[in-house]
Amino acid sequence: MRAVRLLAGAVHSGLTSSIYAPYICAASAAPTGCQPAHFCGWQQLTCLRNFSALPQPNFEERDALMDVRNIGISAHIDSGKTTLTERILFYTGRIHSIHEVRGKDGVGAKMDHMDLEREKGITIQSAATYCKWKDTNINIIDTPGHVDFTIEVERALRVLDGAILVLCSVGGVQSQSITVDRQMRRYDVPRLAFINKCDRAGADPIRVLNQMRDKLKLNCSPVQLPLGLEDKLRGLIDVVEQRAYSFGGPFGNEICEVDIPDDMKATVTARRAELVERVAEADETVGELFLMEEPVDAETLRAGIRRATLALKFVPVFMGSAYKNKGVQLLLDGVTTYLPSPLDVTNRALDVNNNQAPLELPSSRQGPLVALAFKLEEGRFGQLTYMRIYSGTVRKGDPIVNATTGKKIKVPRLVRMHASDLEDISQASAGDIVAMFGVECASGDTFTDGSVRYAMTSITVPDPVMSLAVAPKNRESSGAFSKALNRFTKEDPTFKVGMDPESGQTIISGMGELHLDIYVERMKREYKVDAEVGAPRVNYRETITKRANFDYLHKKQSGGQGQYGRVVGYIEPLPEGSAEKFEYANEIVGNAIPPNYLPSCKKGFEEAINSGALIGHPVEGVRVALTDGAAHAVDSSELAFKLACQYAFRDAYSKASPTVLEPIMAVEVRAPNEFQGSIIGDVNRRKGLIQNSEGEGDEVVIEAHVPLAEMFGYSTGLRSMTQGKGEFTMEYNQHAPVTSDKLAELTLSHRKGS
């Protein structure tokens, strides 16, 4: 099989024979031969890339890397990600018994290894594992679904080659589903969709499919259809092959081919025609056959789906029920057939020695070592650093260089992760996801072997939206308190620690109430620190609404050399939707201000925006331009111009109609229909704006934009309103101006506190 693949170069693993053959109990058609008509995978991409002088992977490396998949499993909270991962580990033989999330046996799912995860029944930290399905080695990262832990999804997708987007067949496309899809687009991650929970009451996978097209704007089509729904779910129909399969045995591991029911044959034919049409829109080969109205056989269609998926133009949709052990093995076949190997993905690095010029890294084990540290954990034996190796090979004891700091270190211990279990390995190569012990670094650092100075692009880190004041209850705990905060900030880029300059309190900031509550609880469990927690604080911002000019002279004479600096210019709002939060422009013609003082001017403005005049919060959305100025031959200095710019900004800021921005959350509430009026009334009372309200069976789903300051304690209010039957999720949407009465209240409160 391997030799055929190398010679043909066109048909990827899983495309040369019936992908279900090892599991079919009934007699099935003999596998078809290779059809090397179209190049895909490494051959097609290698032809298109220019890797300059970097070594290309040889035939042996290509053969090995063809059978590697690095995938993530991402979804909205409670869509069944961890349950799906548990089944994948069971069917691939990595675990020998199945345990449920928050199961009655007290063991819990393998990937939820933290005590807090097992108690709350949610995933808090992403967990890595690996397994083998047929001939394919699969590295898996199971990510959280709660918006407060979105950084875990962000950094996982940064280093993965493909992903499974899990959707609930009842809940459909929900708020975090949209966020995860946006993250996948950001990092160009090809994905499959898996519509889970087809056994639940109210399951409607076709409605979810339409939501994917409408809300996510995906070109997608089912490659499977369910045999029955809700409690009648008994198997799946493969739309590509037009075959049906049932799942028997206590754990669904006996897959038998069955006849397609007569009442579904027309539906299957129609769905296959739709699948061909949608793939034809994204793939030239299938498109030609479609236009010529020629039949598309299963092998050609699978190859077309793969090419379209890798090109990010199509998303194949799988279905099933992980909890009821139906469809997971066929999904694994889909992973090997449709998702990319490391050879199919373009990995880009920045050449530090060449003015950070971008270049493409071949996945060659003979090339220079380039690895990205994407996640840190405090383990039993010191800091545990998760790494994705993009090029080269690293061995235990090898000297490696942190390209960010320039520090040279030795690899003390190399392990492969299986949730919380560690398996020692002697070496790892391009395409692998492994971990190192005892290496001090930061998340996002690049490691090389010293022969090159490359840096991998880092991840996008969202700003925190809320803060809490925390302090240890007794002085004896202050050392452990500081140690805990230092560790948490290294682990999580969205967890920030600061000091309130007025009160001297320690302020922790994060992505939401649950995010900060988890860290306070971890402090208590892992460091034995009982912390006093203050009231939640919202991270407001200030901005301006109109242009204002400034002409400020800073002049001070007190014996000896004085201070003199004059700056002239204007401040104005940045365009709405601008990616920059602050922009500085030097529009001076000539040398009215000597060039050596200009960096101090910029620094003065940057320091001025750290604290606005209204409520003392940072200012954003401002463009500052210097148009003129004056200097004194003796009294001018860098300090004088820095102070002049600070005072000039304050002077202009008050004339630019400043206002306060508050974080607005996108809230989705789901509850029985009879509580719709109460929920909408409560959202209006909280100054929220209803965006959408639609019924889904016996439930109503209400989408609204609500100020974060009004959402504290909402979970308690919703429970009492809906007799415990309602649930909600929220995620950060944007900062928006506060109302005039809120602005007056905030400014008055700030003046009293000053």
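Predicted model: local features only at pLDDT ≥ 70, side-chain atom pairs only at ≥ 80, totals over all residues.
Strand β12 (residues 347–351) and β13 run antiparallel and are joined by five bridges. Asparagine 347 has leucine 361 as its bridge partner in β13.

**The three-stranded sheet**

- β12 and β13 belong to an open sheet of three strands with the order β13-β12-β24 and antiparallel pairing.
- At the edges are β13 (357–361) and β24 (454–456), each of which pairs on one side only.
- On average, neighbouring strands of this sheet are turned by 45 degrees against each other, direction ignored.

- Strand β32 (residues 563–573) runs antiparallel to strand β34 (residues 622–630), with eight bridges joining the two.
- To find your place in that pairing, look for valine 567, which stands opposite glycine 629 in β34.

- Strand β8 (residues 235–238) pairs with strand β9 (residues 243–248) in the antiparallel sense, over four bridges.
- Within this pair, isoleucine 237 stands opposite alanine 244 in β9.
- The two strands form a hairpin with four residues between them. In the turn, glutamine 242 has a positive phi of about 60 degrees.
- β9 is also joined to strand β10 (residues 254–258) by five bridges, and these two strands run antiparallel.
- Phenylalanine 247 has isoleucine 255 as its bridge partner in β10.
- The hairpin of β9 and β10 has five residues between the strands, and glycine 249 takes a positive phi near 85 degrees there.

**How α9 and α11 pack**

- Two packed helices are described by the angle between their axes and the distance between the axes.
- For helix α9 (residues 262–282) and helix α11 (residues 298–310), the angle is about 45 degrees and the axes are 9 Å apart.
- α9 and α11 are therefore oblique to each other.
- The crossing in which α9 passes α11 is left-handed.
- On the α9 side, the residues in contact are Arg272, Leu275, Val276, Val279 and Ala282. They meet Ala298, Leu301, Gly304, Ile305 and Ala308 in α11.
- Sorted by class, this contact has eight nonpolar residues, one polar and one charged.

**Salt bridges**

- Side chains of opposite charge can pair when their charged atoms come close.
- With a cut-off of within 4 Å between side-chain nitrogen and carboxyl oxygen, the count comes to 28 salt bridges.
- One of them is formed by the side chains of lysine 215 and glutamate 703, at 3.7 Å from N to O.
- This pair links distant parts of the chain, since its residues are 488 residues apart. Lysine 215 sits in helix α8 (residues 205–215), while glutamate 703 is in strand β37 (residues 699–707).

Conventions
Residues numbered from 1 in each chain as written. Heavy atoms only, no water. Pairing = 2+ DSSP bridges. Axes fitted to C-alpha atoms, helices over the stretch in contact; angles between N-to-C directions. Parallel < 35°, antiparallel > 145°, perpendicular 65-115°, else oblique. Left-handed = near helix turned anticlockwise from the far one by under 90°. Contact = heavy atoms within 4.5 Å. Nonpolar A, V, L, I, M, F, W, Y, C, P; charged D, E, K, R; others polar.
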